[in-house]
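Trainee: Could we go through the side-chain contacts of this model together? I would like to begin with the aromatic rings and then turn to the charged groups.

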Amino acid sequence: MDLYEHQARQLFQDHGIPVPRAEVTRSPKEAREIARRLGGRAVVKAQVKTGGRGKAGGVRLVADPAAAELTARQMLGTAINGHRVRTLMLAEPVDIAEEFYVSYVLDRAAGGFLAIACAQGGVDIEEVAAHHPQAVARIPVDRAEGVTSAKAGEIASAAGLPPRTVDVLVRLWQVLVAEDALLVEVNPLVRTAQGHVLALDGKVTLDDNARFRHARWGDEDTEQRDPLETEAAARGLHYVKLDGEVGIIGNGAGLVMSTLDVVAGCGARPADFLDIGGGASAEVMADALSVVLADPAVRSVLVNVFGGITACDTVADGILAAVDRVRPTKPLVVRLDGNNAARGRAILDARAHPLVEQAATMDGAARRAAELAHTA
């Protein structure tokens, strides 16, 4: 579970990591009052769970309370990388002298954690990592030993960070351990002109397996989730709303991700990520179709299933039962492969539903779904 920036900031503050003064709001009028309390000038930051906010206009410096209200009106309700802005954080501006990057992340391959740090933080950290990899220090961290002051000093020295960051590195590790996190990141960690070290932005990903210990973060996540995502979650579906026109239903996260890529390669935009998992019963397929077709932007639906434990003939029966139950008005392209695929295709052919057509390959199915979306 990813936290919003203001939630990560609260965790940092709870563990003694210095952060600028800030307040959260969903109201333009309240944004004016917050800016006034912060001294007039403020940084208005859209609270969305995606990267690249700054370059997308989701972070703006305003000169006075009136500008804060106007900026809040402009930001609220907009979308940044497909994520609707429903909450803003207004933070006190700081005079930045240097920007750094620091994080701890689970290294699944090594079975431990990795400290990643760089003396060049900020919005271009990805470019630094890509073009100057030697500038990014990667230090393994033993979970049992943790990050002591000595270990933090090793990390800071390897990355070229000033000694004052050592305490933050220790406390950031405490956040990871205490909150059952898989990732804690500060970008940028800054040194101000006055010599203070502050966490200006943060990202925290919690381990879903430990979510029962951190229930305080659940309510807002549900409130800010897209309504279709909320409905899908209530039905036990793994669904993420995107901003395209081709609805995607598949079984298995890898297959669904590949399907999204192939659809995009055919010149269309996926409208969602929907993984029905190992089951494709009539009820599961009906729920999946209901959610996908409830998106008014969807013009066609691609069902891409590889039969394994659940055979393709069962999937075909589920699709037809779901079509009868949901009664779609948009065309469906179905690609079945794997266990009992021939029998499944025969079941669909025998029914000859006017809105259901088949394709033999994933590429062919994606091309046809894109064509139907463009002509709908």
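This is a predicted model: local features need pLDDT of at least 70, side-chain atom pairs count only at pLDDT 80 or more; totals for chains, interfaces and linings use all residues.

Trainee: How many aromatic pairs does a search of the whole structure find?

Mentor: The search finds two aromatic pairs. Rings of Phe, Tyr and Trp (its six-membered ring) pair if their centres lie within 6.5 Å; planes under 30 degrees apart count as stacked, over 60 as edge-to-face and the rest as tilted. Y104 and W173 are an edge-to-face pair, because their ring planes stand at 80°, with the centres 5.4 Å apart.

Trainee: Where do Y104 and W173 lie in the chain?

Mentor: Y104 is in strand β7 (residues 96-107) and W173 is in helix α6 (residues 166-178), so the pair links distant parts of the chain, 69 residues apart. Helices (H or I, at least four residues) and strands (E, at least two) are DSSP runs, numbered from the N terminus.

Trainee: Is Y104 buried or exposed?

Mentor: Y104 is buried, at a relative accessible area of 1%, and W173 is buried as well, at 6%. Buried means under 20% relative accessible area, exposed over 50%, and partly exposed in between (1.4 Å probe, protein chains only).

Trainee: Which ring pairs with W173 at 90°?

Mentor: That is F113: the planes are at 90° and the centres 5.6 Å apart, so this pair is also edge-to-face. F113 belongs to strand β8 (residues 112-118) and W173 to helix α6, so the contact ties together parts 60 residues apart in sequence. F113 is buried, at 8% relative accessibility. Y104, F113 and W173 together form one aromatic cluster.

Trainee: Changing topic, which residue lies over the face of Y4?

Mentor: K49 does, at 4.5 Å from the ring centre. A charge sits over a ring if NZ of Lys or CZ of Arg is within 6 Å of the ring centre and within 35 degrees of the ring normal.

Trainee: And how many salt bridges are there?

Mentor: The count comes to 22 salt bridges, each being a side-chain nitrogen of Lys or Arg within 4 Å of a carboxyl oxygen of Asp or Glu. One of them joins D324 and R351, at 2.6 Å from N to O. D324 lies in helix α11 (residues 312-326) and R351 in helix α12 (residues 341-351), so the bridge ties together parts 27 residues apart in sequence. D324 is partly exposed at 36%, as is R351 at 35%.

Trainee: What does R368 form with E357?

Mentor: R368 forms a salt bridge with E357, with 2.7 Å between the closest N and O atoms. R368 is in helix α13 (residues 362-375) and E357 in strand β18 (residues 356-358), eleven residues apart. R368 also forms a salt bridge with E371, where the closest N and O atoms are 3.2 Å apart. E371 and R368 are three residues apart in helix α13, so about one helical turn separates them. E371 is partly exposed, at 41%.

Trainee: Which residues do shared partners join into one network?

Mentor: Salt bridges that share partners join E5, K45, R53 and D201 into one network.

Conventions:
Residues are numbered from 1 along each chain as its sequence is written. Side-chain values use heavy atoms; hydrogens and water are left out.
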